[in-house]
Every structure is written in structure tokens, then in C-alpha cells.
Amino acid sequence: MATRLLFVLWCLVAWRSTPAQRVSVVGTAYDSLRGAPIVDARVAMLGTGMSSTTDSAGRFRFDGVAPGGYAITMQHAAFDSVGLTGVSRRVVVSAVSDTVRLFLPSFLSLWRAACGDTPVSDTAALVYGNVRDAAGRPAVDATVDATWVDAGFDKATGITQHRYRLEARSDSTGGYSLCGLPSQGGVQIHALKNTIETGVVDALPREPRIRRLDLLLGDAGASSLKGTVVGGIVAEGGAPVAGARVIVDESSETRSDKSGAFVVRGVAPGTRQIEVHALGMSPALTTVDVAGGDTARIAVELHRVVSLDSVRVVAPLSVRQRRVANIEERRKQGFGYFRDSTEVAKYPTIAAVLNSVPGTTARGTPARTMVAFQGCTANIFLDGVHVKGQIQLTDLYPEQIATIEVYPRAVSAPAEFVVPSGPGAGCGVVVVWTKRAMP
């Protein structure tokens, strides 16, 4: 009897000391907004110290996981622009291998959460966020308005241009939603309550047609309560960018020093737009919240433009060779947006190419495509010749294009493309180069 009891006790101790069976947890991360796997996302299993990074197919894996309940979180830059900090899901791991699926919500899900029963179309975009007053409190019943220009062509009157406005009011928490913006971009947003307001900010939802934009109101008329913006500009890899042109609200301007640092004083309080141009870099737009009597700090990373390899020319340059050299020089100056033949070929129409450029709207019928910037109709140059009416763009296909240059503001356009007088004076410029004009 005693021997049997000892045997039973030994079996019980041995069973309790045997470690629980460990299993593998595999999963996938999917971006429902863009219809693609989420690559290089950080996935963590809370309470275990385990983390993983998704591969090119959005897959991740955890090995040696004890059965039980866990919270799995995912973080990625794709969540930032739509205002989400990440995704979290509670899972129960069984004694066999488990599969987990994590995903960024679809556009329709986010639309319904922000816009309720407001009808949604295939081209509608959404901008939402919170409005705060100068003290950082929710700004209740503030007006947030969005404006954009729609250019077109009418057989009777020729070029037409209409300015549209969509308005929203912030709720008791300061939240607002602008539902039904044009997804082609070219939208500017401004918030106001009584005498305090923001600057005018370019909102670029485009793909995936949704953006979170939080806004800070400030008293622009209080001269004693101006703020300061301090920042640093770097290229990819972290190298400082010296001599970059920094423009705040299209009014204050400075340049970065040899360490990439810049200081702009006397900036009106509130959300302000920062525009950065540098030699050999693509322009950058960002926003900063400026508090009166305080200093706001930002960091801007610029991306180098894709340039052709340098070529040693012995004979005198031909007209076409000189044209290519001039285009490359303007590209390096970084004052406009460039789309070469490789990028243009990704789009079905010229209008789609132009709509990919910040601040640019191209609309109309298949027979008449009009291009507009905020406030005016763009000046079009085709192979270096000023085109009136813009109708020649309809005759072009993406495969015929060598390069497109876009200068949304006339002050940034090269002198040879400035229209000094007439209907287009003071407006931005689109320069289209066809392959027949290239060497």
C-alpha cells in the first residue's frame, strides 16, 4: 500500500514539473486601406518579451509560446497618417500551432466611424482630427473649412474654374470630420473660432484617401505672443542639408546652416505650414503647432531627386542635349516636382500623373483636361512652348512623355516659364516634355 502511494505521489510531482507544451504562433499583417501586405511592421506579444518584424508578404512568427491568452500589438508608419497609433488584438493560444491575422481597417470602416451615414463615392476623401485652443483645450464649435478649385472646359465659354468650400464644426471634444473632399488633392484647410485661427494648410489625402490633421488655434494678431520655429533638415541617411530654403506660411523665410539647423522667429501662433526646398532634393511640406511666446521644434527629411549619371561631352551640345542638361539642373535645384518617363508610365492618363503632385488638380472630360493650382488655372508649356487653352494635353499619352515639371507657385518657377502678363500671370506652371523633344 505504501509503495503504491509513493508511486502515485511521484507521478503527480513529475506531471507538475513537466513544462507546458510550447507552440508556434504565425500570422499575417494586411493593409485594407491600400490593399497590400504591411511590410516591416513591428509585432509584439505583450507579457512575453517577444517581438517580430513582418516580411515582404506581411508574415510574422513567434516560437516557443506557452498556451494561454495574450494581447498582440502591431505598429507601423502606415498608421500614422490616418491617426491610428497601432492595432491590438486579443488571442488565445491553444496547444497546437495558432494563426493570427492583423489588419489596418478599410476605408469604408473608417469613413463610417467618422462620417456616419454620409454617402461615400469611389473618389471621396476624408480629413478628420481635433481642434485645440491656445491653451491646448478642445475648441468647441470651431469652424473648419476646406477649399479647392475645380477647373474644366465649356464649349461656350472655354476654360471654367469653380472654387468649392466644405465646412465642418468641431464637437464637444474638439473633433471634426470633413467628408467628401476630392481625392485628387489640391485641398486647403483652415480653422477659426472667434479671433483665433490656424494658418492655411495643404491637405493631401490622395491614396489612401484619408488623413488625420489635428489643428491648433492661435491669435495671429497678438504681436507680443509670436512664436519661434527651430528645426533641422537632413537627407536620407541623416546627413545635414545646408542652404535649404525654409518657408513658413508663405511669409517668413530663412535658410538652414551648415549643420542643417534653422530658426524662424516671429511666427504667428497656431498650426502653420512649413515648405522646404533644397538643391538636388524633392520639396517637402509639413505642419508645426506654434504656441505664443514658445518654441516649436521639427525635423524634416528630404529625399534626393533621381538624376541621370553625369556624362562627359566633348563636342558642343546640341539643342536637345542642352535641353536635357537644363532639365537636370532645374531638378537638382529642388524648386519643383518632377515626374520622369518611368514614373509617368505608372499612370493611365496625364491627368492622373498631375493629380499625384501636391497642390495640383487636373480635371475635365476626356476631350478637355484642365490643370489648376489653388486660386488659378495653371500655365502649360509643351516642349518649351507656352500653350493656351491647355487642350493639347488631351492628345498625349503617358508613354509619349519624357519628363513633367510642376511648379505650383509662380515664385518657384524658372524665369523662362514665368508668364509676365495676361490671364495666367502669377499662377504656377506645368512643363511637359515629350520624347520627341529629347535626344
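This is a conversation about how to read the features of one predicted protein model.

Reader: Before we look at anything, which ground rules apply to this predicted model?

Author: It is a predicted model, in which local features need pLDDT of at least 70 and side-chain atom pairs count only at pLDDT 80 or more, while totals for chains, interfaces and linings use all residues. Residues are numbered from 1 along each chain as its sequence is written, and side-chain values use heavy atoms, with hydrogens and water left out.

Reader: Where in the chain is confidence lowest, and where is it highest?

Author: The score to read is pLDDT, the predictor's confidence in each residue, from 0 to 100. The chain averages 80, and 82% of the residues score at least 70. Confidence is lowest in helix α1 (residues 2-17), with a mean of 49, and highest in strand β17 (residues 215-216), at 94.

Reader: How many helices and strands does the chain have?

Author: Helices (H or I, at least four residues) and strands (E, at least two) are DSSP runs, numbered from the N terminus. By that rule the chain has six helices and 32 strands. Among contacts with a separation of 6 or more, 63% are between residues 24 or more positions apart.

Reader: What share of the residues counts as buried?

Author: Buried means under 20% relative accessible area, exposed means over 50%, and partly exposed is in between (1.4 Å probe, protein chains only). Of the 439 residues, 45% count as buried. For the surface itself, areas come from the Shrake-Rupley method with a 1.4 Å probe, and for residues only the protein chains shown count as cover. The accessible surface of the chain is about 22,500 Å², with 53% of it belonging to carbon and sulfur atoms.

Reader: Which residues does T434 touch?

Author: T434 sits in strand β32 (residues 427-434). Its relative accessibility is 3%, so T434 counts as buried. Leaving aside residues up to four places away in sequence, T434 touches L382, D383, L396, Q400, I401 and A402.

Reader: Is R22 buried or exposed?

Author: R22 is exposed, with a relative accessible area of 53%. You will find R22 in the loop between α1 and β1 (23-31). With residues up to four places away set aside, R22 touches G64, V65 and A66. R22 and S94 are 72 residues apart in sequence, and their C-alpha atoms are 9.6 Å apart in space.

Reader: And where does H76 lie?

Author: H76 lies in the loop between β6 (68-75) and α2 (77-80). At 24% relative accessibility, H76 counts as partly exposed. Not counting residues up to four places away in sequence, H76 touches I38, V39, D40 and A41.

Reader: Which cysteines does the disulfide join?

Author: A disulfide is a covalent bond between the sulfur atoms of two cysteines. The search takes a pair of cysteine sulfur atoms within 2.5 Å, and it finds one disulfide in the whole structure. This disulfide joins C115 to C179, with an S to S distance of 2.0 Å. The torsion about the S-S bond of C115 and C179 is about -95 degrees, so the disulfide is left-handed. C115 is in helix α3 (residues 107-115) and C179 in strand β12 (residues 175-182), 64 residues apart, so the pair links distant parts of the chain. Both C115 and C179 are buried.

Reader: How many aromatic pairs does the structure have?

Author: Rings of Phe, Tyr and Trp (its six-membered ring) pair if their centres lie within 6.5 Å; planes under 30 degrees apart count as stacked, over 60 as edge-to-face and the rest as tilted. There are four such pairs. One of them is F338 with Y407, which is edge-to-face at 6.3 Å centre to centre and 85 degrees between the planes. F338 lies in strand β25 (residues 337-340) and Y407 in strand β31 (residues 401-409), so the pair ties together parts 69 residues apart in sequence. F338 and Y407 are both buried.

How values were computed: Contact = heavy atoms within 4.5 Å.
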